[in-house]
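Subject: Structure for you to look through

Hello,

Here is the structure I said I would pass on. Please open it first and then read the notes below it.

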Amino acid sequence: MKKAASKSDKLDNKIEQEKSIEVKSNTDVPAKKEVAEKKPSKVSATKVKASTNTTPKKEKIPKAPTEKTASKKASSSTKTTKVKAAEPAKKAVAKETKIKGDVRVILQFRFHTQPGQTVWITSSGLLLGDSVLRQMYYEDNEHWRLDLTVKPELLKEDIRYKYHIKNVDGSWMDDYQEKAISLNDLQSPLLFVRDFWSYAGYHENVYDKGPFDYLIKREISKTTKKTITATTTYLFQVKVPYTKPEEGVCLLGENDALGNWDSKKYKTLAYNSKLKVWETGISIKGENPYTAYKYGIFDKNTKEIVHLEDGDNRHTFTLGEKGLVIQNDGFINLTEKHWKGAGLNIPLFSIRTNDDLGIGDIGSIKTMVDWMSSVGLKLLQLLPINDTTVTKTWEDSYPYSAISVFALHPIYINISQLLTPSLKEKATIKELLGKGKQLNELTQVDYESVLQLKWQLIEEVYAVLKKDTFANANYKSFLQNNEDWLKPYAAFSVLRDQYKTADYEKWNDADNYTEQVFEQLYKNKKEKIQLYFFVQYILSQQLSEAVQYAHSHQIVLKGDIPIGVDRYSVDVWQHPQLFDTTMQAGAPPDYFTKEGQNWGFPTYRWDVMEKDDYAWWKRRLTNMAQYFDAIRIDHILGFFRIWSIPTEQVQGLLGYFQPCIAIDETEFASWNLSFSYDRYCKPFINTQILIELFGDKVSQVKTDFLDYNENGTYSFKPEFDTQRKIQDTFDSYEKNEHNDWLLKTLLSLMANVILIPDKQAGKYHCRFVLYETSSYAYLSDWEKQQLYYLYNNYYFERQNDYWRKIGVKQLNAISSVTDMMICGEDLGMVPKIVSSVLGQLGFLGLKVQRMASDGNALFTNPLHTGFLNVVTPSTHDMPPIRNWWNSESGAAKDSFYRSQLGLDGFPPEKCDGTVVSQIVFNHLESPSLWSVFLIQDLLCMEDATSNPNVDEDIINRPEITHFYWRYRMHLSVEKLQKAEQLNGKIKNLLQLSNR
């Protein structure tokens with residue numbers, strides 16, 4: 001059914017009709033916040049002495065700008081291109097206005113512009129009349145202004161608007177968020193708004209993110225403490241990132257209305273949760289054209305000011321006529337003090353409780369929250385929990401290859417919550433629960449047995465509960481709100497089961513999803529479709545309940561968004577135009593593997609996604625935001641460029657970055673190189689190389705796999721001229737040690753190239769670390785030198801600005817739909833522009849101690865990281881502390897012991913609780929917002945809670961293509977709750993580090 005055009009649709013159409021300009025973020029370093037220079041501020045017992053500088057900086061007392069003023073130093077170009085306007089208000093709230101006649105609205109924006117910069121404003125409402133974009137008038141280097149006349153009958157909703165800075169080069173910077181003005185307070189025909197510039201990268205803005213709605217218990221007031229009169233009222237607003245529960249925000253100034261600098265007569269502010277500001281309304285009278293004031297923090301118990309703002313006084317002006325002045329002052333100017341927290345990182349399947357059926361499930365979250373709350377941990381980070389069911393074997397245990405980015409995995413359903421008294425007494429249920437208890441005794445997850453058991457229980461429960469569930473209003477609402485992904489997911493699952501393969505290209509008349517496919521399937525297999533509907537509804541209800549439980553204990557749930565989806569997934573089946581199935585996503589050689597990684601995911605067609613403003617990605621994040629207040633974006637580098645491997649190849653070594661500026665064939669002449677396709681793009685094979693690789697097996701290899709060339713070199717036979725052909729051949733061979741070695745060596749020989757051809761003819765890419773190949777070794781010294789220069793230019797110079805623009809555009813677009821706290825997993829081969837882009841967008845970075853972000857260092861010291869980061873000693877992709885320590889060389893341990901722990905002497909040969917505790921404490925002492933730990937690392941702080949089987953602590957080994965993800969805690973959470981010595985240590989370390 002075609003929907004009526006929404007207000008947002010009409011706004012977008014209006015933008016297109018006007019051909020307004022497109023405001024895009026850029027990565028230029030924004031102007032610093034306009035705050036006073038920080039100086040110590042002393043508070044007296046009775047009077048607060050104002051700063052000695054009570055003469056305000058020159059400011060313009062409000063007056064309408066002349067045409068001459070408006071054009072002064074402003075850009076003469078008002079050429080319109082295309083703009084993205086401020087987002088429309090979520091809900092229009094009709095109001096009655098008491099004002100007769102037109103309303104003057106004056107916006108004054110404080111920003112120190114450079115010559116040639118201009119300031120623009122967009123609005124989603126009627127603030128700008130029929131326009132959605134307007135350039136502001138220049139007043140001076142500190143202020144820009146816009147005077148508007150608005151009909152009072154149009155002011156039926158809050159005003160929402162956003163500022164944009166246009167730079168000399170045509171690039172743009174966006175204000176951090178929409179600003180909003182509530183019209184409930186307007187009683188006079190003049191509204192004067194004094195605004196400030198914000199920026200996503202200001203660390204104070206992190207406190208606006210979702211988790212802090214309950215991590216910081218602000219004093220919420222539905223009716224803020226302000227007095228708005230029909231005369232002249234000043235509504236003072238300030239953002240205070242972090243206050244302790246016993247603290248309040250106050251205002252003190254130089255006249256009677258503001259307490260006349262008497263520390264006993266300050267004015268209190270209340271927190272406006274809608275605008276996320278502290279505010280108070282005051283009527284100021286007097287002859288002085290300027291009024292000096294400061295914000296401060298007072299103690300609610302003693303009623304005394306404990307800290308007044310640092311630096312010079314703030315000033316407001318005398319309006320001179322009746323009206324409302326909104327003094328939007330930006331951030332309070334106080335000595336830095338931050339909230340910091342610590343968290344736990346664990347796969348959901350790894351949580352062990354007494355009531356599990358062989359795997360952690362959604363019900364386990366509550367048990368884990370109870371323990372975390374008791375010791376003071378504030379964040380529970382889970383690995384992805386989306387459905388990964390492709391083969392129904394243990395290979396589906398890999399959580400980063402989802403068949404749907406929206407559907408939750410049925411294996412995580414909590415059965416006990418669904419069992420009615422009569423169901424508990426049913427013989428088949430009792431028998432199945434008994435098998436579940438046996439599975440729960442296993443040291444690791446038996447994925448296949450657990451999955452089979454869960455589905456048997458689900459079908460038993462479904463038969464009893466389906467009738468009442470289908471009649472439930474919540475269930476009907478769930479279907480309606482999620483049908484865009486739920487119907488394709490259910491259809492995919494039924495067809496996968498029917499054909500016993502997820503390869504939809506083998507499904508008769510259903511190789512692409514359509515509504516007709518669903519309708520026909522629903523007609524023939526309604527019961528099976530409804531079963532998948534039922535399971536997703538129950539999973540959603542249970543997870544939502546667990547989220548609320550975590551919030552009630554002031555604990556953040558952090559989700560994980562994989563960078564890719566399975567090649568044979570609902571998303572690719574439903575939206576084939578969004579994916580390039582001729583390429584495979586992966587990673588170049590790194591810390592984990594010298595051959596690189598091939599994840600097998602199709603790559604994204606970002607150019608197609610951009611056409612509908614990344615709607616699929618936005619729905620994905622919106623869906624995650626139902627359950628999580630923070631997310632980790634796996635391999636966030638993929639938003640800048642993704643390592644792409646042609647489907648005819650197997651190893652990550654033969655991939656290249658997309659998008660990128662490829663090397664044109666004509667460029668080789670400028671590098672003084674004579675291009676030869678056969679020499680550079682085909683494997684270089686001679687007798688010496690074959691002897692080095694295959695030893696006494698050379699003759700067999702030549703006969704079976706190679707052809708001889710006239711110049712004394714060899715080429716692969718046509719039936720083996722790609723890695724995929726070689727792999728497919730060996731898949732049919734007997735699995736033994738010799739064949740494994742031969743396969744690996746042949747694949748390595750196939751990768752012995754200098755350049756990799758692009759899809760586009762005449763374009764090429766440098767093979768990763770080409771200078772380490774034997775092909776490179778047999779080149780002349782001149783060619784080696786020139787190719788080395790070309791290689792460094794290709795990877796480390798020519799792409800940076802290109803990738804920066806792509807990353808900003810794509811990450812800015814998708815993050816605009818959510819206030820979740822976003823952490824980017826920025827590990828691996830990281831372009832130098834990535835950290836600045838993440839900082840610009842206000843994303844948290846990830847700092848892993850054993851994966852140095854500085855190429856010249858062995859480790860990243862958590863004590864030297866910035867605030868907007870998550871620090872951790874280990875991730876799920878690497879050995880926990882104890883496993884790493886015990887397998888590492890003495891030299892590496894010695895370097896770590898001295899440089900990271902600051903200890904002298906010799907490190908212990910085997911890792912003990914003392915070493916682990918010191919590493920954990922160093923991370924807790926980090927300046928970073930979050931310190932997050934694997935459960936294994938916390939358990940190893942005490943010998944009594946360490947897993948006696950060290951090898952079982954491994955979650956993943958990235959160097960193994962098909963690894964079985966089956967780690968489980970070796971002791972239950974219930975036993976962990978009784979581990980007094982470990983729990984006491986965690987509490988003490990958190991208190992010592994002020995987390």
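**Surface patch**

Y771, Y788 and Y789 make up a nonpolar patch on the surface, and together they have about 300 Å² of accessible area. A patch takes residues with over 30% relative accessible area and no salt bridge, joining like charges within 9 Å and nonpolar side chains (Val, Leu, Ile, Met, Phe, Trp, Tyr) within 5 Å. Areas come from the Shrake-Rupley method with a 1.4 Å probe, and for residues only the protein chains shown count as cover. Y788 sits in helix α21 (residues 781-796); helices (H or I, at least four residues) and strands (E, at least two) are DSSP runs, numbered from the N terminus. Y788 is partly exposed, at 36% relative accessible area (buried is under 20%, exposed over 50%, partly exposed in between, with a 1.4 Å probe and protein chains only).

**How to read the model**

This is a predicted model, where local features need pLDDT of at least 70 and side-chain atom pairs count only at pLDDT 80 or more, while totals for chains, interfaces and linings use all residues. Residues are numbered from 1 along each chain as its sequence is written, and side-chain values use heavy atoms, with hydrogens and water left out.

**Salt bridges**

Side chains of opposite charge can pair when their charged atoms come close. Counting a side-chain nitrogen of Lys or Arg within 4 Å of a carboxyl oxygen of Asp or Glu as a salt bridge, the model has 40 salt bridges.

One of them pairs D208 with K239, with the closest N and O atoms 3.0 Å apart. D208 is in the loop between β9 (190-196) and α3 (212-215) and K239 is in strand β10 (residues 232-239), so the pair ties together parts 31 residues apart in sequence. D208 is buried at 6% relative accessibility, and K239 is buried at 10%.

K759 and D580 also form a salt bridge (2.6 Å, N to O). K759 lies in the loop between β30 (755-757) and β31 (763-766) and D580 in strand β22 (residues 579-587), so this pair ties together parts 179 residues apart in sequence. Here K759 is partly exposed, with a relative accessible area of 49%, whereas D580 is buried, at 7%.

A further salt bridge joins K682 and D678, whose closest N and O atoms are 3.3 Å apart. K682 is partly exposed, at 39% relative accessible area.

Regards
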